Amino acid sequence: MKQWINVALPKGRLGENVYKIFDEAGYSCPSILETNRKLIFENEENKIRYFWVKPSDVAIYVERGAADIGVAGKDILLEYEPDVFELADLNMGKCRMCVAGHKGFRDNTARTLRVATKFQNIAKRYYAEKSRQIDIIKLNGSIELAPILKMSDVIVDIVETGTTLRENNLEVLEEILPISARLVSNKVSYKFKNNEIMNICDRINEICSVKDDK
């Protein structure tokens with residue numbers, strides 16, 4: 001008998017685009033498109049259940065088993081290292097994790113580098129690989145302000161178009177890694193609902209591959 005699959009979708013434009021992929025793959029749920037305050041949306045025929053969550057929380061819902069699968073950015077997976085399986089790169093929500101700072105900035109290795117970021121673990125690993133001593137300044141918003149106000153030397157943050165950087169006389173100094181949305185699975189669900197999860201994964205991969213070819 002076909003088992004129910006619980007799917008955690010990230011709120012916002014990315015989640016809406018991801019749902020379109022699921023819909024195209026045959027896992028539609030019309031009620032999710034209705035204007036209401038419902039938190040959970042089900043389709044009995046497809047045995048699929050969706051719910052919207054904050055993007056940074058998707059991996060937690062999946063890791064804890066509240067969701068069987070979900071879609072999370074590679075940045076979140078690298079920063080928090082949740083105990084989940086990464087099944088597929090959806091090639092959506094593409095951006096870059098970068099080091100940015102004032103134009104023409106030159107790192108003075110004779111002193112500790114001050115780094116403002118909300119991605120502490122990614123920044124620590126990156127600079128540890130370079131054997132560079134850093135002072136992490138944890139911020140949650142408007143990271144670009146830190147070097148402008150001389151609170152930090154550089155920032156480590158996600159860059160999509162680079163418009164905010166350019167408008168504030170900042171630029172990308174180093175690219176750490178590319179970021180995109182990933183389909184992830186709870187490890188127990190992957191074992192006991194493997195057929196259903198792999199069917200979804202295969203269909204989504206087919207659709208994403210066709211879109212890439214275009």
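**Ground rules**

I note that this is a predicted model, in which local features need pLDDT of at least 70 and side-chain atom pairs count only at pLDDT 80 or more, while totals for chains, interfaces and linings use all residues. Residues are numbered from 1 along each chain as its sequence is written, and side-chain values use heavy atoms, with hydrogens and water left out.

**Overall layout**

I found eight helices and eleven strands in the protein chain; helices (H or I, at least four residues) and strands (E, at least two) are DSSP runs, numbered from the N terminus. Taken along the principal axes, the C-alpha atoms of the protein chain fill a box of roughly 65 × 35 × 35 Å. Of the 214 residues in the protein chain, 45% are buried.

**Salt bridges**

I took a salt bridge to be a side-chain nitrogen of Lys or Arg within 4 Å of a carboxyl oxygen of Asp or Glu, and by this rule the count comes to 14. Side chains of opposite charge can pair when their charged atoms come close.

I began with Arg111, which sits in the loop between S6 and S7. Arg111 forms a salt bridge with Asp153, and the closest N and O atoms are 3.0 Å apart. Asp153 lies in the loop between H5 and S9 and Arg111 in the loop between strand S6 (95-102) and strand S7 (113-117), so the pair ties together parts that are 42 residues apart in sequence. Asp153 counts as buried, at 6% relative accessibility, whereas Arg111 is partly exposed. I also checked Arg111 against Arg132, 21 residues away along the chain, and found their C-alpha atoms separated by 9.7 Å.

I turned next to Arg182 and Asp89, whose side chains meet in a salt bridge at 3.6 Å, N to O. This pair links distant parts of the chain, with Arg182 in strand S11 (residues 181-185) and Asp89 in strand S5 (residues 85-89), 93 residues apart. Arg182 counts as buried at 12% relative accessibility, while Asp89 is partly exposed with a relative accessible area of 30%. Salt bridges that share partners join Lys74, Glu86, Asp89 and Arg182 into one network.

I also recorded the salt bridge between Glu42 and Arg49, in which the closest N and O atoms are 2.6 Å apart; Glu42 is partly exposed, with a relative accessible area of 44%.

**Phe85**

Phe85 lies in strand S5 and counts as partly exposed, at 31% relative accessibility. From Phe85 to Val62 I read 9.5 Å, C-alpha to C-alpha, for a pair 23 residues apart in sequence.

**Pockets**

For the pockets I used a 1 Å grid over the protein atoms alone, where a pocket is an open set of points at which a 1.4 Å probe fits, with protein on both sides within 12 Å along at least five of seven lines, and lining residues have an atom within 4 Å of a point. Grid points are joined across faces, edges and corners, and a volume is the space filled by probe spheres set on the points.

The largest pocket holds about 740 Å³ of space. I see 29 residues in its lining, of which Leu14, Pro55, Asp75, Cys95 and Ile158 lie nearest the centre of the pocket. Helix H1 (13-24), strand S4 (69-73), helix H3 (74-80) and strand S9 (154-159) each supply at least two of the lining residues. The lining divides into 14 nonpolar, seven polar and eight charged residues, counting Ala, Val, Leu, Ile, Met, Phe, Trp, Tyr, Cys and Pro as nonpolar, Asp, Glu, Lys and Arg as charged, and the others, Gly among them, as polar.

The second largest pocket has a volume of about 210 Å³, and its lining residues include Lys11, Glu34, Phe41, Trp52 and Tyr61. Strand S2 (40-43) and strand S3 (48-53) each supply at least two residues of this lining, and the largest share, three residues, comes from S3. I noted eight nonpolar residues, one polar and three charged in the lining of the second largest pocket.

Technical notes: Buried < 20%, exposed > 50% of the residue type's maximum accessible area, 1.4 Å probe, protein only.
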